Amino acid sequence: MIKIVKRDQPSKAIFFFTPVLAIFLTLIAGGIIFYILGFKPFEALKFFFIVPIADKYGFSELLLKATPLCLIAIGLSFCFKSNNWNIGAEGQLTFGAIVSGGVALLFYDQEGFYILPMVILAGAIGGMIYASIPAILKTYFNTNEILVSLMLVYVSKLILDYLVVGPWSNPEGFNFPETRQFSDSARLPLLFEGLRIHAGIFLALAAVVISWFVFYKTYLGFQMKVSGFSLKTAKYAGYKGKKMIILVFLISGACAGLAGVGEITGPIGQLHREVSPDYGFTAIIVAFLGRLHPVGIIFASLVVAITYLGAETAQIFMQIPKYTGQVFQGMILFFLLASDYLLFFKFKFIDTKK
Amino acid sequence: MHKFLIRSFVSSLVLLFTLTVAAVAKDVKAAFVYIGPTGDHGWTYQHDVGRKAVEAAGFKTTYVEGVPESADAERVLRQLANSGHDIIFTTSFGYMNPTNKVAKEFPNVKFEHATGYKREHPNVATYAARFYEGRTILGTIAGTMTKSNVIGYVASFPIPEVIRGINSFTLAAQKVNPNIKTKIVWAFTWYDPGKEAEAAKALIDQGADVIAQHTDSTAIVQMAEKAGVYAFGQASDMDKFAPKAVLTSVENNWGPYYVDRVKAVANGTWSQKDTWHGIGDGMVVISGLDSQMPSDLQAKVKKLQADLASGKVHSFTGPIYDQKGNLMVAEGKTADDGMLAGMMTYVKGVEGDIPK
């Protein structure tokens with residue numbers, strides 16, 4: 001007989017194994033779905049997960065797509081590790097893009113080495129300003145940061161709408177909702193001729209290294225971890241909780257803002273209504289799939305990025321509806337949460353004959 | 001035996017037809033990039049109807065739906081251009097810059113961008129429909145059918161395309177009923193059933209008994225059906241979603257243009273151009289008229305439709321005044337395409353200001 005027994009302590013091996021298990025289960029479930037829809041499962045999975053990255057261009061697109069996801073997820077991991085539920089990275093990304101785009105537009109007809117640093121800095125500051133709202137409301141007025149940060153996403157999108165339709169719209173653009181194109185000096189440099197992958201990837205990698213250092217080598221990281229386990233313990237230990245809440249939100253906002261900068265000064269080159277296809281929300285999946293660990297997040301962002309590319313390829317070559325990409329993202333999260341059960345419980349074989 | 005003969009005759013005819021079509025097709029492959037799902041029953045749905053017409057004409061087609069106007073559009077376009085497609089239709093305004101960028105890299109692939117104005121390379125053409133002609137018909141119906149003399153209008157974004165539609169609609173309504181007022185609610189979306197329904201509700205609460213829309217979902221006609229007021233279908237024939245409310249629909253009919261352009265690629269006669277077709281060329285189609293409309297109105301609408309098609313009547317014929325009473329188009333003159341393309345002022349009779 002098999003009995004389910006509670007573990008004395010969550011298993012560390014299982015902790016890092018379950019994301020892999022979740023991806024594996026997603027592939028199986030995906031294959032079954034493809035089969036039910038009338039597609040050959042293995043061929044469909046091949047077009048979904050292998051064909052899109054089979055050449056140099058495809059691989060560069062994967063990195064391009066994973067960059068903002070990784071950057072935002074790293075920022076979010078600061079919040080999530082310390083029990084701060086910042087759901088509004090999409091808003092912080094949008095506001096960062098607005099502020100940095102505003103600076104880029106000021107210099108739309110100028111060239112100069114000094115423009116890009118200002119544009120990048122403006123994006124980080126924009127994200128920080130926007131993230132500080134839920135942080136300050138939480139620390140001083142005890143509001144729920146989940147609600148505040150989420151609602152602010154919609155506010156930021158409306159602000160962007162207003163700006164690109166009205167005051168910032170391209171004067172030569174027949175009133176269509178978009179701004180002028182930024183000057184070349186406000187664009188992130190491309191890494192390779194003919195590919196879209198840009199210097200923003202270094203921002204993401206820097207964030208990975210810095211976060212690893214902070215999490216595992218600093219007192220702040222230790223404080224975050226303790227607060228994550230138990231706020232009461234953190235208080236008892238005398239940690240300055242309020243300061244930390246604001247700090248992690250600022251870090252998270254800066255990362256999201258920089259992701260926004262990467263989009264508008266990288267592949268897009270202007271502001272318009274759709275700066276981000278909900279990277280801020282997808283990054284939440286990435287953060288958890290990566291177990292809030294910097295290296296885990298790198299892998300998770302690549303896995304989730306490929307669901308986007310795969311969905312396009314599968315529709316082009318096999319006429320599989322593109323929205324299956326979202327189904328895959330949902331399944332990964334579902335299986336991850338479900339397999340977390342194994343963290344706290346284990347199966348025990350009991351000999352009933354005795 | 002007799003049946004057998006007929007059958008083999010028919011099947012050989014079918015075979016012959018297929019072979020001929022295949023020979024004409026010359027393996028030209030067309031691709032379509034959609035902003036929404038093919039099942040939206042609005043903008044994307046109609047483009048997909050057009051794509052099916054291209055298939056029916058014997059060409060292979062591919063489509064990708066739900067492509068955001070973010071950095072992703074460029075990748076999808078490049079992938080389509082790279083995978084053996086000869087002509088690519090990009091069916092939303094936000095694809096304008098990516099279309100021109102990718103077109104530069106693939107000079108042998110033809111690109112057709114809907115509703116845009118940039119043709120930076122010889123392999124980029126643009127196309128759009130004169131939907132304002134359809135709105136002249138809707139305005140005529142609305143002005144006749146309203147009892148409260150308040151007509152509601154759910155608009156998407158304050159761009160010339162939408163302003164032009166509001167003006168064309170209002171001018172036509174005024175012509176049959178000088179007392180009407182057009183009230184506008186800006187939804188700031190092309191497709192959001194929730195927001196659109198809310199906007200329609202707000203207009204009905206303000207006394208509007210006819211609702212027009214320049215957004216794509218069926219939520220507005222359904223809200224009108226519930227409230228017992230009239231409405232018009234947008235993009236596709238929406239009669240089945242609100243049989244009592246919908247008086248008629250303005251349909252976007254892209255099929256003939258798509259077939260034409262794909263054939264031009266097959267024949268080697270494709271060239272860059274800017275197309276702006278209306279009722280006359282069949283790009284704008286008026287659906288069947290509802291039986292609630294009095295027969296004299298129906299006759300009037302039929303005649304107006306024919307006159308718009310032949311060019312005898314123009315939607316913007318002077319005298320036309322703006323809200324402040326300044327003359328926009330002099331008596332006996334019609335607005336030229338340049339004026340129409342950049343139209344950013346309301347005509348007299350429209351309430352409120354254009355959001356800035």
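Two strands count as paired if DSSP finds at least two bridges between them. Helices (H or I, at least four residues) and strands (E, at least two) are DSSP runs, numbered from the N terminus. The model is predicted: local features need pLDDT of at least 70, side-chain atom pairs count only at pLDDT 80 or more, and totals for chains, interfaces and linings use all residues. Residues are numbered from 1 along each chain as its sequence is written, while chains are lettered from A and ligands numbered from 1 in the order in which they are written.

In β9(B), A231(B) is the bridge partner of I211(B). Strand β9 (residues 230-235) of chain B runs parallel to β8(B), joined by 2 bridges. Strand β6 (residues 150-155) of chain B also pairs with β8(B) in the parallel sense, over 4 bridges, and I151(B) stands opposite V210(B). V210(B) and A212(B) on one side of β8(B), and I211(B) and Q213(B) on the other, are all buried (20 or more other C-beta atoms within 10 Å of the residue's own, with C-beta atoms placed from the backbone).

Chain B is divided into domain 1 (17-129 + 254-277) and domain 2 (131-252 + 316-341), with bounds from an automatic or database domain assignment. Their C-alpha centres lie 29 Å apart. Contact (C-beta atoms, placed from the backbone, within 7 Å) involves 11 residues of domain 1 and 14 residues of domain 2. Helix α2 (residues 43-56) of chain B gives the most to the domain 1 side, with 3 residues.

Between chains, 27 residues of chain B are in contact with 21 residues of chain A. The largest share of the chain B side, 6 residues, comes from α3(B).

Methods: Contact = placed C-beta atoms within 7 Å. Buried ≥ 20, exposed ≤ 12 C-beta atoms within 10 Å, placed from the backbone.
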